[in-house]
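Please look over the structure shown below before reading the report.

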Amino acid sequence: MDAIMLQEKLVERLLCPRVRTSRQKEKQYVGFATLPNQVHRKSVKKGFDFTLMVAGESGMGKSTLVNSLFLTDLYKDRKLLNAEERINQTVEIIKHTVDIEEKGVKLKLTIVDTPGFGDAVNNNECWKPITDYIDQQFEQYFRDESGLNRKNIQDNRVHCCLYFIPPFGHGLRPVDVEFMKALHEKVNVVPLIAKADCLTPSEIKKLKDRVRDEIERFGIKVYQFPECDSDEDEEFKQLDKELKECCPFAVIGSNTVVEARGQRVRGRLYPWGIVEVENQSHCDFVKLRNILIRSHMHDLKDVTCDMHYENYRAQCIQDMTSKLTQDNRMESPIPMLPLPTPDVETDRLIKMKDEELARMQEMLNKMQQQIHDGKDQ
Amino acid sequence: MSDSKVTAHLDGIISDFEGSEVNPSHSNMSAPPHPQPPAKGASHGTGDFSYVGIDAILEQMRRKAMKQGFELNIMIVGQSGLGKSTLMNTLFKSKVSRKSVVSNPEERIPKTIEIKSISHDIEEKGVRMKLTVIDTPGFGDHINNENCWQPIMKFINDQYEQYLQEEINIDRKKRIPDSRVHCCMYFIPPTGHCLRPLDVEFMSRLSKVVNIVPVIAKADTLTLEERDFFKQTIREGLRANGIDVYPQKEFDEDADDRMINDKIREMIPFAVVGSDQEYQVNGKRLLGRKTKWGTIEVENIAHCEFAYLRDLLIRTHMQNIKDITSSIHYEVYRVRRLNETNAQPNGQPPNTLVNPQQANGAAAQHQVLTHEM
């Protein structure tokens with residue numbers, strides 16, 4: 001399902017009168033059916049951006065998976081800490097930004113990494129730096145949106161969080177549950193089973209069932225794929241159903257290319273066989289990549305904007321207004337954020353408008369009075 | 001509890017002894033048949049005057065050991081899901097783990113760390129062994145794992161205490177039941193990076209009281225290069241933190257020992273894969289794990305190092321492990337304890353440590369399910 005190809009096809013069909021039915025031929029062709037094409041061209045020019053967060057204990061293969069997903073090598077110069085250095089490590093937030101281009105479409109990809117999560121002996125509240133970061137991005141966007149110069153707002157909000165569940169356990173561990181519950185209402189959480197090459201097919205199935213049950217039992221709201229429209233063809237619906245049943249995805253990543261079945265593929269070479277990352281019968285990497293990039297990237301962004309950000313915004317405003325009524329101050333209903341532009345100008349403009357309104361109201365009253373007097377006479 | 005007779009194959013446990021063939025007896029409680037007296041005198045040929053017969057003592061020792069049987073107590077520590085129970089079953093080729101014994105093994109994580117020990121009597125070629133597997137569910141599974149090693153330290157010290165009490169008893173048993181932990185297998189998750197803070201904390205504390213054998217669990221997720229790199233970083237981490245795992249350098253007795261142990265020290269921690277399922281590979285039935293891309297054979301040294309671990313633990317170094325526990329770790333504990341009581345202001349002699357009523361059977365602190373022979 002190449003989204004771009006699909007759109008191109010659609011536009012072609014719309015522009016080509018030969019394909020129309022006889023009835024439609026009689027209708028005058030207005031031409032707004034080319035809107036998707038116009039949007040498409042504009043967005044291609046503008047480029048897309050996407051922020052992906054990866055979270056999980058160290059050694060789960062997060063960086064390898066990111067490199068495999070986007071065919072990049074973001075972590076070339078990374079220096080791993082040894083055991084002594086890790087003892088005093090706190091959870092950090094590290095951002096890598098990379099610009100990728102494919103077939104003329106530009107993507108500004110930001111990967112937010114969380115080294116140190118879950119590694120300490122005492123992991124109480126180890127997710128706090130992460131939730132704080134997400135809230136910070138929301139707050140930043142909120143301010144920018146409420147500001148006066150909205151032309152070049154940078155959207156740093158986290159669109160998706162991939163959470164890596166270790167394959168060694170018997171399901172979700174306490175730290176997994178707590179982390180996902182802390183984040184499920186702030187960001188789209190997509191749980192993954194990491195390093196799936198240490199599990200046999202039956203073990204994978206058992207673990208997936210277990211994880212799905214526990215997610216439901218603990219009330220964790222992971223990212224739900226939207227229902228496909230009823231007018232999609234059967235094949236699409238079937239694929240969609242398979243995708244949903246595959247959650248959480250069991251993934252394997254690789255930084256190396258190996259020779260398998262006469263081809264060079266990304267994979268891992270073991271003495272007992274070769275694991276191919278892009279082989280659907282070996283792992284769900286292809287499904288994850290399709291979801292993340294090829295079919296649901298835009299939906300992830302939409303859900304972030306429409307749901308998570310709106311929730312944050314509503315909460316924020318509510319907090320502020322409740323604070324206002326508490327303090328018993330009568331201020332304007334405009335948010336009390338320090339705006340990036342100088343307050344004086346805004347205040348002046350507002351005052352001007354107020355005065356103008358007041359004058360107009362006075363004039364209106366005078367006119368009404370005159371009419372009234374005129375009637376009386 | 002139903003009687004279940006567990007038969008295992010323990011080749012080599014009697015490799016230290018020169019053995020004549022003993023019929024493997026499958027019936028209960030039968031004493032091994034008396035072996036023929038070695039015709040050693042004859043092999044020395046002429047000059048019967050030079051043969052005294054001292055080496056016949058080996059045979060006598062062997063017979064005695066066979067009658068007495070051996071004891072081995074192994075503790076397994078690691079996060080849940082690392083394949084500890086499966087590895088135990090694979091090592092002893094029988095269902096010796098806690099999960100195999102309890103009918104409905106719950107997979108919940110206990111709120112505090114529990115210590116559960118299960119004993120089995122296994123026999124091979126007439127040699128009997130009482131194997132106790134001590135499991136520690138709940139270790140490292142919580143969000144806050146501070147002090148999770150404390151219950152384990154306490155348990156190990158309690159076993160030493162129990163032995164000590166029995167030893168300083170005035171009227172003590174002929175053969176003190178040995179419940180001391182001989183070996184602690186610590187399971188490291190195969191992250192591929194380095195030791196975690198929890199691993200370092202645990203091992204640095206426990207290496208002083210018990211023999212620790214670290215293993216890399218579920219090693220089928222590491223390629224060979226990753227495995228070597230991981231092992232190297234682990235060894236460096238152990239060195240940097242002053243953790244002395246088995247075989248400890250300072251307890252090497254002579255040059256031969258040192259040579260053998262150096263080779264082992266180059267290889268620890270062993271990267272193991274466990275399995276209790278058999279698959280058909282090249283016409284043979286082997287223990288392994290079957291995946292879509294191949295079958296991992298547990299006993300194939302090109303695949304994983306399980307065979308080395310088994311040889312170390314059972315075939316070559318079992319007696320050495322027990323010796324170090326009793327002659328070094330236990331002695332350290334004993335000296336400390338006796339000095340503590342000697343340092344008491346009223347200066348009670350050590351013998352009054354023991355309350356005569358407590359002499360036999362100090363309170364058992366673990367649940368023992370012993371299978372009747």
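With which residue does Asp262(B) form a salt bridge? In this predicted model, the partner of Asp262(B) is Arg265(B), and the closest N and O atoms of the two are 3.1 Å apart. Both residues belong to helix H8 (residues 255–267) of chain B, and because they are 3 residues apart there, about one helical turn separates Asp262(B) from Arg265(B).

## A pair that links a loop and a helix

Arg310(B) forms a salt bridge with Glu299(B), with 3.3 Å between the closest N and O atoms. Since Arg310(B) lies in helix H9 (residues 306–316) of chain B and Glu299(B) in the loop between E10 and H9 of chain B, the pair ties together parts that are 11 residues apart in sequence. Arg310(B) is buried, its relative accessible area being 9%, while Glu299(B) is partly exposed at 34%.

In helix H10 (residues 318–342) of chain B, Arg336(B) and Glu340(B) lie 4 residues apart, about one turn of the helix, and their side chains meet in a salt bridge with an N to O distance of 4.0 Å. That distance stands at the limit of the criterion, which asks for a side-chain nitrogen of Lys or Arg within 4 Å of a carboxyl oxygen of Asp or Glu. Arg336(B) is partly exposed, with a relative accessible area of 42%, and Glu340(B) is likewise partly exposed, with a relative accessible area of 42%.

Salt bridges that share partners join Glu161(B), Arg336(B), Arg337(B) and Glu340(B) into one network. Over all chains, the structure holds 38 salt bridges.

## The interface of chain B and chain A

Where the two chains meet, 41 residues of chain B are in contact with 43 residues of chain A, and about 3,800 Å² is buried between them, with 60% of that area on carbon and sulfur atoms. Ile143(B), Pro197(B) and Trp293(B) supply 23% of the area that chain B buries against chain A, which is more than any other three residues.

How many salt bridges does the rule find across the interface of chain B and chain A? There are 2, and one of the pairs between the chains is Glu203(A) with Arg289(B), whose closest N and O atoms are 2.8 Å apart. The count of residue pairs in polar contact between chain B and chain A, both residues being at pLDDT 80 or more, is 12. On the side of chain B that touches chain A, helix H6 (197–206), helix H7 (224–240), strand E9 (284–291) and strand E10 (294–297) each supply at least two residues, and the largest share, 4 residues, comes from H6(B). By class, this side of chain B has 17 nonpolar, 13 polar and 11 charged residues.

## An open sheet in chain A

In chain A, 6 strands form an open sheet with mixed pairing, in the order E2-E3-E1-E4-E5-E6. Strand E2 (94–102) and strand E6 (249–250) of chain A stand at the edges, each with a single partner strand, so one side of each is left without a neighbour in the sheet.

Within chain A, strand E1 (residues 48–55) and strand E4 (residues 160–165) pair in the parallel sense over 4 bridges. Ala55(A) stands opposite Tyr163(A) in E4(A).

Definitions and conventions: Residues are numbered from 1 along each chain as its sequence is written. Chains are lettered from A and ligands numbered from 1 in the order in which they are written. This is a predicted model: local features need pLDDT of at least 70, side-chain atom pairs count only at pLDDT 80 or more; totals for chains, interfaces and linings use all residues. Side-chain values use heavy atoms; hydrogens and water are left out. Contact means heavy atoms within 4.5 Å. Buried area is the accessible area (1.4 Å probe) that two parts lose on being put together, summed over both. A polar contact is a pair of N or O atoms within 3.5 Å; within protein, one must be able to donate a hydrogen and the other to accept it, and residues adjacent in sequence count only if both atoms are side-chain atoms. Ala, Val, Leu, Ile, Met, Phe, Trp, Tyr, Cys and Pro count as nonpolar, Asp, Glu, Lys and Arg as charged, and the others, Gly among them, as polar. Buried means under 20% relative accessible area, exposed over 50%, partly exposed in between (1.4 Å probe, protein chains only). Two strands pair if DSSP finds at least two bridges between them.
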